[in-house]
Amino acid sequence: MKKVRYGIVGIGKMGHTHALKLMRGKDRNGCLTAVCDISDERKVWAKNNLKNTIVFDKYLDLVNSNEVDAVIIATPHYLHPKIGIDALNAGKHVLSEKPAGVYTKDVRELNSLAESKPDLVFGIMYNQRSNPLYKYAKELVTSGELGEIKRINWIITNWYRPQAYYNQGGWRGTWDGEGGGVLINQCPHQLDIFWWLAGMPISVRAYCKVGVNRKINVENDVTIYTEYKNGASGVFVTSTHDSPGTNRLEIDADGGKLVIEQNLLKEKLTYYRLKTKESIFNADNKKFMPIPPYKKEVVRTSILKNIYRLGIKGQHMNIIQNFSLAVLKGENLIAPGAEGINGLTISNAAYLSSWLGEDILLPLDENLFYDQLMKQRDAELAGKR
Ligand SMILES: NC(=O)c1ccc[n+]([C@@H]2O[C@H](COP(=O)([O-])OP(=O)(O)OC[C@H]3O[C@@H](n4cnc5c(N)ncnc54)[C@H](O)[C@@H]3O)[C@@H](O)[C@H]2O)c1
């Protein structure tokens, strides 16, 4: 195989961007050969705008076609695991959009199938993992430099969405079409980075407030409290109605403090690197109120510069290019598909905690979550009748 031949299922807002980038040669190891959508309008768009590309009506025809080696799934979330399973069974490599799915029960099935087919590459579009600041943070964690984590806090309230966003209809912002609100739509990237850096919690307590300042019946204001095996704790706060919002991630660890902030189009990582690990400093120190000495390191990036350099949605191409190299040359994936279940577990646990009003211990009771999710969906559908 010289180039990976991609087929894209779902060519709406996200899928059509991937299609155009591939068609314009933004990945020298991949090309676009097929797309599929159930919308006539999208199919007409594809016929008018995509050269040398077969347009399918049914995704099963695309995944079974000899014209594609890999399938990118860019449909609404509930469909991701099912299409992934069908594509793997048809012998195709799979790159799924985020989130991995809506509930972990069927994502687990997809993961088991992918595990049984090690020759097929399975990835997920967690493009934020290619952000240089999060990559650097990950290096500091995995190298042991940052030391044992004591606390992780993330306030990510700059997902401003007005009523008009929710009024546009379709699948977004509903239990039936989407399976939730800000946690399942806007936050999967941050929940992925949250566990990627701090590991998986052992318990989750959350308050998911529905329809704050918006007429919707999914959550748009969330506070999650997490606890970890080593005694560390975490807080994750998100909303869609704060303006101006905040995007600040802070990790306190034995080796120092790491802060990643985004302000408008600027991003900054500040690392307060302790000269001596705090636990060792504390063991030796005799003063009452000392300040453990540290060295401050600042790394800045400009989102605007990245957009000019990589083109809008540049991060997504990082993931696609990496995926092609994984298929052709066995390169390690930036975001392995099997890891998609982790952030989703935290979000499923957060919903369950909020609905039941209690701490949720992990591993999650996946059947209980599924039953509760279906209750939300049924109540929503009953309200519409
Ligand atoms: N990685 C990112 O940064 C990012 C950004 C935006 C969206 N997404 C994800 O991409 C997915 C799609 O989001 P979007 O904003 O493009 O939505 P969208 O509604 O604009 O597009 C979805 C498309 O899927 C099509 N579709 C639905 N059912 C189908 C089926 N059975 N077969 C074929 N096509 C079908 C729809 O007709 C539509 O054109 C979502 O899961 C979303 O979370 C990811």
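**Strand pairing and domains**

Modeller: Strand 8 (residues 203-210) pairs with strand 9 (residues 219-227) in the antiparallel sense, over 8 bridges. This is a predicted model, in which local features need pLDDT of at least 70 and side-chain atom pairs count only at pLDDT 80 or more, while totals for chains, interfaces and linings use all residues. Residues are numbered from 1 along each chain as its sequence is written. Strands (E, at least two residues) and helices (H or I, at least four) are DSSP runs numbered from the N terminus, and two strands pair if DSSP finds at least two bridges between them. Within this pairing, Y207 stands opposite T223 in strand 9. Strand 8 also pairs with strand 15 (residues 360-361), again in the antiparallel sense, over 2 bridges, and here V204 stands opposite I360.

Turning to the whole protein chain, the domain assignment, whose bounds come from an automatic or database source, gives domain 1 (4-126 + 311-336) and domain 2 (129-310 + 342-384). The centres of the two domains, taken over C-alpha atoms, are separated by 27 Å. Between them, 22 residues of domain 1 are in contact with 24 residues of domain 2, where contact means that the C-beta atoms, placed from the backbone, lie within 7 Å. On the side of domain 1 that touches domain 2, helix 5 (104-115) and helix 11 (314-329) each supply at least two residues, and helix 11 gives the largest share, 5 residues.

Technical notes: Two residues are in contact if their C-beta atoms, placed from the backbone, lie within 7 Å.
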